[in-house]
Amino acid sequence: MDVAHDVLSTIFAVMAIPMLAYFIAINTSYLALIALASRHFAKHIRRSSFTGERSMAASPLTPGISVLMPAYNEETVIVASVRSVIDLRYPDHEVIVVNDGSTDATLQALIDTFGLVRDDREHPVRVPVRGRIRQVWVSAGGEFDLTVIDKENSGRSDSLNAGLRFAERDLVVMVDADSLIDPDALLKVSKPFADDPENTVATGGVVRAVNGCLVNRGRVVDVGMPKQLLAKIQVVEYLRAFLLGRTGWSQLNALVLISGAFGMFRRDILLEVGGLDADSIGEDFELVMRIHRLMRRSKRPYRVTFVAEPVSWTEVPSTMRVLARQRRRWHRGLWEVLWKYRGMTFNPRYGAVGMVALPFYWAFELIAPLLELVGLILVPLGLAFGLVDPGYGLLFLLVSYAYGFFVTLAALVVEEASFHRYDRWRDLGSCIWAALAENLGYRQLTAIWRLQGWWAALRGTKQEWGVMTRAGFLEEPVSAGAVSR
Amino acid sequence: MPTLISSSVVFSLLIASTTACAVAVVLVLAMRLFRRVHARRMRRLTDRVRPAILQTAVAEQDELDDSLAVFRSLRGRARRSAESMATRMLYDVTGETRTNLTHILIACGTVKRAVARTTSTVPVRRARAAEILGLIDFPDAVGHLIRLAQDENAEVRSVATRALGRTGRREAIAALLAALPSSSGVPAVIVGSALLEAAQHSAAAISGGFTDEDPAVRRTTAILASHVMSPGAIPSLITAVTADKEPLVRIAAARSLTRLQTRQAVPALYNAASSGHSAVSVAATAALASFPSAWTQEVLNDLRHHPDVDIRRAATATPIGG
C-alpha cells in the first residue's frame, strides 16, 4: 500500500502542473477559436446585403460544379437525394452518382426514375480506381446532367475517385447520398472560388444534424432539436467543434479538415494530388492535408476556406453502439493522418498549418481523451489514498466542468447571434441542457471510444465500417399546409 | 494536487466560471427575446406598409405622387421596414415597377443616404450604398458607382462593379472594361457577369479584349463573346482557339465556339484538338463533337484514334447525341 501511495504521490507531483496547464490551454484555445469565428460571423452578417449570390446564380460565367455522390445500398433515399441535388440553385452543375456495388435496388431505382441510358464510351483514367467499373449510365433528356457509375464495391474513397474520373466541371463537390443539401448550398460554398479563383483550392460547408428536423421532399423545412439526449448533445458538439472551430481555423488559414459530407475542391488540384487515398480511414482529413502539403511544397499561394452557413444536414447516431463505432473510426483516422503527416508538425515550411493547427490536433484532439481518462482514474485513486482532499477534488472537478460548459455556451451565444437556426424556446432549452449534460458522462464515454480507436490503429486491427443504423427523417405530411411536429 | 493551487484560488475560479456560464445563459436568452420581439415588430410594420408598397409599385404616373406621400411621412422602424421590402423587391422587377420602387426609396430618403454613404470612411457602408445604387433606376447612380468601382477597397470595387452591370447603362461600360484586368482586384466572374448584364452596350466594347496583354482579360472576353457578340465574335474566337498562348483562353474560346455552332470553326478546332495541351484538346474535341456530324465526321473519326483517352472519349458521341 505504501508503494502504491508513493507511486501515486509521485505521479500527482509530476503531473499536476502539466495537467492544469493542459486543461487551461485546451479550453482557452477553444475560446480563442470561438472568438475568431465570432469576428468572422460579425463581418459576414454585415455583408449579408451584398453577397452577389443572385448574380452568381444567373451568370453563365459562374464556374461549373460536378457533384459526386457515392451510394451504397441507399435504395430508400437515393432518388430523393439525387433529385434534391439536381434541383439545387446553380447555373451549371452535373451530378455523378457512384453506385458502390450496392446489393439492393439503388441502381435500378436511378435508371427507372431518371430514364438513364447506357454510355458505352471509353472510360477516362485520370485517377487510379480499384473497383472495376461495370457500366456507366447517363440521363437521356437535356433538362439535367446526371451520370451514374455502377462499379464493384470498393469503399467510399475509391467510389469518389471513380466519380472524379468522370467529373467534367472545374469544381468538384463531394456529398453523401444520405445527406440533405440546402437549395443554395452550391452557391454559398462555391462563392470563395468565384471571389478568389486563383487562390481558393478547397472549401468546406457546415454540416448539421438533421435529427429532429422536419423534412419535405429532401429539404429541411423546419429545424428542430432531436428528442434523444445523445443526438441533442451531438448538435451542440457539432456547433462548437465544426461550425465555430473550423470557422476559427479558416480565419487563421489553417483549416486542415473539411467534412466529407460537404467538401468542394478545384478539380485540377484534386487530379494533381491523385484523388482520395482509398486506404485512409480519415480520407477527408488526409485529402486536405495532401493539398496543404502540395501547395506549400510548390510554394503556390492558396486558401482552404470554411463557409459557415449551414449547407448540409446529416443524421447523427442516435444509439450508443453506432456513435461508439463512429468515434472510434474518427479517432483512428485522426491518428493515422497525424502520423502520416508528422513531418509537417512544427515545420515552419508549412506555415500556420504546421506550426499551429497540427500541434493543436496532436495535443488537444488526439491526446485529449487519454489525458481525460488518466484524470478520471487518478482522481478517484487519489481520493482513495488520501492524496486528494475530497472537497478540493470536487471543487477542481466543478471548475473544469464549468469551464467546459462555458465554452459550449459561448458557442451557443455565437450561434444565436449569427444563424439562430434552432428558433423555438424549447430548442434553446434543449441546447443548454445538452451543453450541460455533455460533461456528465458523454465526454467520458467518447474519450473511451476514441482511445479504443487509437489503440486499434496502433495494433493494426482491420477497420470495420459497420452499418449506420438510421432512424430516418421526420417527413412533413404531404397535405400539411402548416408545419406540425 | 492539494499543493498546486490553494483552495481559495480554485474556489474563486469556480465562482468566476459559474458566473461566466450564468452570463452566457442570460445573454443567449436575452438575444433570443430581443430577436423575437424585434421580428414580431418588424412583421407588424411590414404588414402595415406592404399594401402601400404594392400599390405604389404598380401605380400609374398620375397616381404616383399621392402614393408616395405615405412614404415621405414614415419614420424610424416603419421607414426601415418599407426600405427593406422595396429593396428586396427591386432584385426581381424591371421597367416601370423598378422606377416606382425607386421613387419609394427616394421618398424614404434611402437614395439620399446611399449617395451620402458612398463617401463614408467605412468600406461596408460604401459597399451597401453601391448595392442600393445598382438596384434603383436612378441616372445619377452611375456616376457614384463609377467612382466606387475605383475604390481603394477591393470588396467595394466588386460590389460597385456588379451594381454597374445591373444598371445596364452605356456610361458604365468603360468602368467595367477598366475592371477586367486581373490587377483591378475584382474577380473576373463579377466583371464578366456585369458586362453580360449590360450586354446591349458592351458587345462592341469588349471586342478589343481579344488582343489585351492580360490573359484574364482575353479569357473573359472569349467567354463573353459567344453571349454578347455572336456571330461577330467568330473570327476572333477562331484565332484565339489556335493562336492564343494561354491554354485557359484557348479552352474558353473552344467552349464559346461550342455555343456558336459554326462550320467555319471546324479546321481551327481540329488544330486545337491536335495540339499538345490535353485540356485544350479535350475542349476543342468536345466542341467538334457538339457540331452537326456532317461537318465533323472526318475529323472526329481521326480524333477517335488519338492516344489520349480523354480526347477519344470526347470525340465519341454520347448516347444522347446519338
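**Two interfaces in a predicted model**

The centres of domain 1 of chain B and domain 2 of chain B, taken over C-alpha atoms, lie 28 Å apart. The model is predicted. The domain assignment places domain 1 of chain B at 141-229 and domain 2 of chain B at 230-322. Where these two domains meet, domain 1 of chain B contributes 11 residues to the contact and domain 2 of chain B contributes 17 residues. Together they bury about 1100 Å², with carbon and sulfur atoms accounting for 61% of it.

One salt bridge is found across this domain interface. Arg218(B) and Asp244(B) form a salt bridge, with their closest N and O atoms 2.6 Å apart. On the side of domain 1 of chain B that touches domain 2 of chain B, seven residues are nonpolar, two polar and two charged.

The other interface joins the chains. Chain A gives 59 residues to this contact and chain B gives 56 residues. About 5200 Å² is buried between chain A and chain B, 67% of it from carbon and sulfur atoms.

Seven salt bridges are found across the interface of chain A and chain B. One of them pairs Glu122(A) with Arg312(B), at 2.4 Å from N to O.

Several elements of chain A each supply at least two residues to the side that touches chain B, among them α1 (2-46), β4 (133-139), α13 (390-417) and α14 (425-459). The largest share, 14 residues, comes from α13(A). By type, this side of chain A has 35 nonpolar, nine polar and 15 charged residues.

Technical notes: Residues are numbered from 1 along each chain as its sequence is written. Chains are lettered from A and ligands numbered from 1 in the order in which they are written. This is a predicted model: local features need pLDDT of at least 70, side-chain atom pairs count only at pLDDT 80 or more; totals for chains, interfaces and linings use all residues. Side-chain values use heavy atoms; hydrogens and water are left out. Contact means heavy atoms within 4.5 Å. Buried area is the accessible area (1.4 Å probe) that two parts lose on being put together, summed over both. A salt bridge is a side-chain nitrogen of Lys or Arg within 4 Å of a carboxyl oxygen of Asp or Glu. Helices (H or I, at least four residues) and strands (E, at least two) are DSSP runs, numbered from the N terminus. Ala, Val, Leu, Ile, Met, Phe, Trp, Tyr, Cys and Pro count as nonpolar, Asp, Glu, Lys and Arg as charged, and the others, Gly among them, as polar. Domain bounds come from an automatic or database domain assignment.
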